[in-house]
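Some questions and answers follow on helices and strands in a predicted model. The structure comes first.

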Amino acid sequence: MASAKASTPRPQTAAWLRSSNDISQQFLAFGGRADVVSLAGGLPAAELYPVAEVQAAAQAAIARHGATIMEYGPVEGLPALRQLIAARASAETGGTFTAANVLLTTGSMQALDLIGKVLVDPGELIVAQAPTYLGALDAWRPRAPSYRPLDWTLTDPDFDATLARAKFVYSVPNYSNPTGVLVSQERRVALLDKVLEAGTWLVEDDPYLSIQLDGSPGPSILSHSVARSTRPGPYDGPVIYLGTVSKSLVPGLRVGWVIAEPGMIQNLALTKMASDLSGSLLTQAIALELMEREFDHQHSRSIVPVYRERRDALLREANARLADWFEWEVPVGGMFVWMRSKGDAIDTDALYKFAVEEKVAYVPSSVFDFTGENRFAMRVNFTRSSPEVIAEGVRRLARAIEHYLSA
Ligand code: PMP
């Protein structure tokens, strides 16, 4: 009977999906509403996207490659773009990188997913900077890893043993998501030494490199790793470096890359094939056109002053209206200010309800926490909206806090 069939319950989704924290999805959906000021997303300013240049690059790419970029690609990606990225890495680090050190991915998000699949069996250990980028936690959730926080002081005597058990260490040293923090050169070198000693991998996720608001961050951990290497030939160290054009060009190209030793690249490529057969040669060829003439660098130089003005507008308004309740460091790059509740007085999950009433969105700290326990901070974005809209968002946030405190 058809009606009996229709009422038979279908199988449940997998356990990891049922147990995942959906508060970020609620925030992102709410933040997308036209009447809401969103300080929640991690998005660039859409009005600054270089539409004409991407259009011209698309035409140039098709004229240059024709039907070949309309095929399934080699799974490692467009050879000319892999070579360009290898050449840049060689120039920037002083090392030897070839196309064999490079895998193109669908944004660095796919790289995070592939790394989890290649390295982590259920229950195995990841050492991650805490708080952790939500996308990384989401990517690795199906692997059911256990986590330990990255102790940047490196003084905990147990940390060495923890590192020795870890499948990899995850860090965003440049203007981290969610905290905006820039990791010092001393700490980078010290961490690398520990990783080499422990014989594990170090995932250096670097999407915000191009958003340098004050000064420059100095060498990547990959560069330090090159300096530690004594063997000639292509890079064979422990760093798995992730890059992307999402901030330096546009996220819609979905072009990212992994730079790592060739064996790791092969494992990631094999895994990528099982996931999507190959990335889009079409968008990789567009990125190639733009990167060959260093348009990504030029574009970054043009958007940085706009982002700096927006950061300053956020901080001005926050100093005037939020400083009684929250404290923060001024980020010298990236897209976020991490606001911590003074004396843990404000639970940012609970504040959410009042923010909804005031039509302002932020991301609460709990979603960036693998223990789910940090409920006293929030990530505030300053790149997406104009200074006026950002200031209005802070005023709404201040009202939401007042209502929360008097409820
Ligand atoms: N890593 C971090 C730390 C991020 O913040 C993001 C998103 N902004 C990504 C990776 C993914 O970037 P994409 O896939 O757009 O390259």
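Q: Which residues of α6 are buried?
A: Helix α6 covers residues 107-119 of this predicted model. A residue counts as buried when 20 or more other C-beta atoms lie within 10 Å of its own, and eleven of the 13 residues in α6 are buried. They are Gly-107, Ser-108, Met-109, Gln-110, Ala-111, Leu-112, Asp-113, Leu-114, Ile-115, Gly-116 and Leu-119.

Q: How many Å does α6 reach from its first C-alpha to its last?
A: At 1.5 Å a residue, the 13 residues of α6 are expected to span 18 Å. The reach in the model is close to that, at 19 Å.

Q: Which residue in β4 stands opposite Leu-125?
A: Strands β3 (residues 125-128) and β4 (residues 146-149) pair in the parallel sense over four bridges. Together with helix α7 (residues 134-140), these strands make a right-handed β-α-β unit. Opposite Leu-125, the residue in β4 is Ser-146.

Q: Which residue in β5 stands opposite Val-127?
A: β3 also pairs with strand β5 (residues 168-171), in the parallel sense and over three bridges. The residue in β5 that faces Val-127 is Val-169.

Q: How are α4 and α12 oriented to each other, roughly parallel or roughly perpendicular?
A: Helix α4 (residues 51-65) packs on helix α12 (residues 281-292) with the axes 8 Å apart. Residues of α4 including Val-54, Ala-57 and Ala-61 take part in the meeting with α12, where Ile-286 and Leu-290 are among the residues involved. The angle is about 110°, and angles of 65 to 115 degrees count as roughly perpendicular. The two helices are therefore roughly perpendicular.

Notes: Residues numbered from 1 in each chain as written. Predicted model: local features only at pLDDT ≥ 70, side-chain atom pairs only at ≥ 80, totals over all residues. Expected span 1.5 Å × (residues − 1). Buried ≥ 20, exposed ≤ 12 C-beta atoms within 10 Å, placed from the backbone. Pairing = 2+ DSSP bridges. Right-handed = clockwise from strand over helix to strand, strands pointing away. Axes fitted to C-alpha atoms, helices over the stretch in contact; angles between N-to-C directions. Parallel < 35°, antiparallel > 145°, perpendicular 65-115°, else oblique. Contact = placed C-beta atoms within 7 Å.
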